[in-house]
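Visitor: Could you take me around this model, one question at a time?

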Amino acid sequence: MGFLNSLSPRGIITSALLLSSFAHDAVARPKNPWVWQQSGKKKVSHHIRQAVEGQRRQAELPPCAETLTTAIKAPKANPWAPLTNEETAHVVAWLFAQEDLNLTVIDDAGTWDNSIVLVEAMWPNKTDALAYLDEGAKPPTKYAHVLLNNRATEDAHYADILVGPLPIDNATTSWEPLVYPYNKVSGAGTVRNLDADQETLYLEWIFVHSAEIADITLDLFNGTAVGSDNDTIVIWGIDPLWQDDGRVIRWDAFWNTPSESTQDSGTILPLGLYMLSDVTGRDPSKWELGGWLYNDIFYESTEAFKKAWSTDGFVKNKPNVAGAWSGTDQAGETPKLDFAAPPVQIAPAGSRYAIDAEQKYVEWMGFSFYIGFNRDTGMALYDIKYNGERILYELSLQEALAHYAGNDPMQSGTAYLDTFYGFGPYAFELVPGYDCPAHATYLNSSFYVSETCRTHINSICLFEYDADYAMQRHTNGKYVSITKNTYFTVRYVSTVGNYDYTFSYSFYLDGSISVEVRASGYIQSAYFAKNDDYGFQIHDSLSGSMHDHVLNFKADFDILGTSNSIELLAMVPTTSAYSWSKGKTRNTMKLERSFIESEDTSRFNWGPNGNTQVIVVNENATNAYGEYRGYRVLPYAGTAHLTVKNSSNLANAALWAEYDLQVTKQKDTEPRLAHPMNSQDVYDPPVDFSKFFDGEPLRDEDLVLWVNLGMHHIPHTGDLPNTVMTTAHSSVQFMPSNYFVGDESRRTVNQVRIEYEEGVATAVETFGQFDAAATEGATCALNYTPVRPDLEGYTGDLVTRKFPFDPANPFWETESIT
């Protein structure tokens, strides 16, 4: 379960769920931009002409860009592979046969029934995985991780359980609470479910009280929200619910509905009316209406609100109404020449990377890694190696936080923890030529929901790209030397609620690796009244709601083994005298070297002025000059940690967001820094990250870096209708530090040295980069034709029922998956 592959030419979509064949689209590369004159022209033209005309002489060869991605065999079976469809179906059937679980099929389940939320592979512990990968041990025993929604009790709760070993065998398979990855005080692998009565909440509470003020909403907003088909207002509220003093408190806000042409713009249509409720417990008769807030005036009862509204002088603010301003279609005067086709990248020789489709294993220019995919955090990369040496055991998203602030309780009370909704289920199909180059290779992803498997077609892409700057260059009076900066990226986009997050993992010829996130989509806005201290007014009745985005990534480094240390290399000002300074001091700077000794001091922020380097080193492995070999961790495009101190919304549920960087000793009992249900019990969450820091030594140990990316976002008029990815951008880079003998990018032939004299190019050295395509042994013909993406081939989800298992009849469905 969890992840499927298809690598097929774009627009050819499979109609079966079990898809594992790989193919790719045509790729292209721009023509050489040099303009040559005199003798230099002859020499460089010869190389190009030989390459191009050589293909014409071999016209019988297929174009390179139409050949399949190179198929290889992974060195080992992928230990992070998903459950197969049959394994998932068998687990589900076995679960329904367990009378003690008292499960009901989701289509028949009510608010007082138990149901299955999730079935996916339980990824192996690192100790077991390394024993298998490095020491020849047997593959780790496979188990299923199952999340149950147990509502057939007054104490509704989610329960994580472990089912196995797999495959299912009634003689050996059993289930047990999944406890070891969590540190909740109450333990038992459970956490309460504050949303157990969501349907009851609306039908017997929210709509009832909204109907009581329908006359007010008709007057103020020309609409109602009473649960009928012709409602023109919607109501939704804070996340997480407030959990202070043993009570469960919610604030709900009224929002205008978008027009058909702007149907997803609801989060920028607040109306400025809020309802306070105490919904502690599961009996609606014991819930309490706390009051109403409008125009920053709080009314403790419906009667008080009605009385004020009917009084002369009651201020009626203008509602936010959808219009052309809230839609994403083209608008305004088109810039000159914009109708001309823009530049595109091509790959004339086809894909230069190799994949084992079945094992989800990838190789490119010395790099290799496995791909995993799950419901909570989407795509993860494992066993990342360069030239056979492991750099990272794991590189994966852990959690994403969007913490808001404002004068109203909706903004003040909101702090989304996005794994509650899941990144996997919202990794929708990518748009070729826009999300990724048209020549990219596309993969599917899949996930379990409601006794079905849903497959997002073409939701992950892999591609090479030619950067808009060189990897290396140097010029003097006689020659210029320059190297192409071609890199390889694995990318997916997940639309969680109103935000679209683009996640990119990129690999470079110098051995560097980067992690990058960009955000777009509709902001969650605030009503303008009394909100000046929390944002700009960006439309007639609209305020941009200030918020922090913080996204945490786990980087489990294994630099030349698992015994690693964190070296801090700081550039500091100093006043020093030298043997040659004749007793005079000089104001200058020097290096200060130190190590993080233990978890007592391993939570920190980037140094001021960017003056401190953070390097993961192996103190037992030095280069030829005695320097520790390692990888430096550095901010690449801006990072952020949470501005709020001791968040009233989150308490202990997101303490990982407090710093830029945090380092812990690797433990199999601490595989993730958060649980998707942390928001359900913020004071005693399933995973309290602060408990990871218990004084463990960090010198010569197996280390994990928890790195925060993010943005401090104060929306402005340019965020309408959508935030743009040019500025909503954060990235971190892992770069080799004394790890190699020299610059690894010298290995590529995609460089040139041009010698010149008296205004004439006298020699051009291309290092054989054009020769392979021109030889008699060439297997394909270069193709410089740009790929035109097949946008009409865009599809919805492919669904296969798991209980009862019906693999022969998959069907298409694009609806809400929560």
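A tour in questions

Visitor: Leaving out residues up to four places away in sequence, which residues does Trp364 touch?
Guide: Let's count a contact when heavy atoms lie within 4.5 Å. With residues up to four places away in sequence not counted, the partners of Trp364 are Arg352, Tyr353, Glu464, Thr486, Tyr487, Phe488, Phe507, Tyr508 and Leu509.

Visitor: Good start! What kind of model is this?
Guide: Residues are numbered from 1 along each chain as its sequence is written, and side-chain values use heavy atoms, with hydrogens and water left out. Local features need pLDDT of at least 70, side-chain atom pairs count only at pLDDT 80 or more, and totals for chains, interfaces and linings use all residues; this is a predicted model.

Visitor: Is Trp364 buried or exposed?
Guide: Trp364 lies in strand E13, residues 361–364; a strand is a DSSP run of E with at least two residues, numbered from the N terminus. Buried means under 20% relative accessible area (1.4 Å probe, protein chains only). Because its relative accessibility is 2%, Trp364 counts as buried.

Visitor: What distance separates the C-alpha atoms of Trp364 and Arg352?
Guide: Arg352 is among the residues that Trp364 touches. The two are 12 residues apart along the chain, and their C-alpha atoms are separated by 7.1 Å.

Visitor: How many of the 113 residues in the largest nonpolar core come from E16?
Guide: A nonpolar core is a set of buried Ala, Val, Leu, Ile, Met, Phe, Trp, Tyr and Cys residues joined through side-chain atoms within 4.5 Å. In the largest one, Phe507, Phe557, Leu705 and Phe734 touch the most other members. The largest share of this core comes from E16, which gives seven residues.

Visitor: How many residues are in the other core, which includes Phe96?
Guide: This core lies apart from the largest one, and its members include Phe96, Tyr132, Ala144 and Ile161. Its number of residues is 31.

Visitor: How much space lies in the largest cavity?
Guide: On a 1 Å grid over the protein atoms alone, a cavity is a set of points where a 1.4 Å probe fits but cannot get out. A search of the whole structure finds seven cavities of 30 Å³ or more. A volume is the space filled by probe spheres set on the points, and for the largest cavity this comes to about 530 Å³.

Visitor: Which residues lining that cavity lie nearest its centre?
Guide: Lining residues have an atom within 4 Å of a point, and the largest cavity has 35 of them. Strand E16 (389–404) gives the largest share of the lining, five residues. Nearest the centre lie Met122, Trp123, Asn374, Pro671 and Arg672.

Visitor: How many of the nine residues of strand E36 are buried?
Guide: Strand E36 covers residues 729–737 and is largely enclosed by the rest of the structure. That is because its buried residues number eight.

Visitor: Which residue in E36 stands opposite Tyr631?
Guide: Two strands pair if DSSP finds at least two bridges between them. Six bridges join E36 to strand E33 (residues 628–635), running antiparallel, and E36 also pairs with strand E24 (residues 513–521) in the antiparallel sense over six bridges. Opposite Tyr631 stands Pro736.

Visitor: In what order do the three strands of the open antiparallel sheet come?
Guide: The edge strands, each pairing on one side only, are E25 (526–527) and E26 (537–539). Two bridges join E26 to strand E27, residues 542–543, where His539 stands opposite Leu542. The order is E25-E27-E26.

Notes: Helices (H or I, at least four residues) and strands (E, at least two) are DSSP runs, numbered from the N terminus. On a 1 Å grid over the protein atoms alone, a cavity is a set of points where a 1.4 Å probe fits but cannot get out, and a pocket is an open set with protein on both sides within 12 Å along at least five of seven lines; lining residues have an atom within 4 Å of a point. Buried means under 20% relative accessible area, exposed over 50%, partly exposed in between (1.4 Å probe, protein chains only).
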